[in-house]
Amino acid sequence: ISTRWVGQAGTTATLPVDHPTTSPFRIEQPPGEAIEAGEKIEPATNVVSLSYFATAQTPLVEGRLFTESDSEGAEPVAIINDVAMRRHFGGSAGGRRIVDAKGTSVGIVGVVRSGRYRAMQELPAPMLYRPLAQEYRPRMHLAIRLLAPATEETFKRLAPQVTAGTLRLVRMATLDEHLSKAMVMDRFVIALVSACGLMA
């Protein structure tokens, strides 16, 4: 994609304020650690490309982000958010490991700042990220941080570049448009509560 229009670009299985899936994991207990052995957690999970965190401007809190070395066949790794770190690992998650439902041991290599994953009104919740190279998904969202205004003309210029090769473009929208659509139900509930209040 032309750098004239794009500052950063990355792929993600789930967009902000969407419906991320959850996956069960078991925390590996390190030697001498006074925690419940085999504690089970079920955080919201997402699969992202290497450049997603830079595109979403998600700050790194601890450790590192995904790199090209986190490839298919390499040691399975994950990144969690700071809420998951505090809730399940105390003050630091460096060097800790979790086991997925298939029995695969996954190393936590980094911690990022938490955000809103399901609704704007929600409290920050635990989140776990896996690299796309190790958790392939056939359908992903391409997040682009534009250098040009997000106009219809810009979209028309970008579309042929996005679909170059084997990619198939389903829809293009700004983050504001996505959030507006995702918050339709929230606005409906607020309007309903307000109407009930007026009737009372």
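**The salt bridges**

Mentor: Let's begin with Glu75, which is partly exposed, with a relative accessible area of 47%; that class lies between buried (under 20%) and exposed (over 50%), using a 1.4 Å probe on protein chains only. Keep in mind that this is a predicted model, where local features need pLDDT of at least 70, side-chain atom pairs count only at pLDDT 80 or more, and totals for chains, interfaces and linings use all residues. Residues are numbered from 1 along each chain as its sequence is written, and side-chain values use heavy atoms, leaving out hydrogens and water.

Glu75 pairs with Arg97 in a salt bridge, and their closest N and O atoms are 2.7 Å apart. This pair ties together distant parts of the chain, 22 residues apart: Arg97 sits in strand β8 (residues 97-100), and Glu75 in the loop between β6 (60-63) and β7 (77-81). Arg97 is also partly exposed, at 24% relative accessibility.

A salt bridge here means a side-chain nitrogen of Lys or Arg within 4 Å of a carboxyl oxygen of Asp or Glu. The count by this rule is four.

Another of them joins Arg64 to Asp70, with 2.8 Å between the closest N and O atoms. Asp70 is buried, at 4% relative accessibility, whereas Arg64 is partly exposed, at 30%.

Next, look at Asp82 and Arg86, whose side chains meet at 3.8 Å, N to O. Both belong to helix α2 (residues 82-89), where they are four residues apart, about one turn of the helix. Helices (H or I, at least four residues) and strands (E, at least two) are DSSP runs, numbered from the N terminus. Asp82 is buried, with a relative accessible area of 8%.
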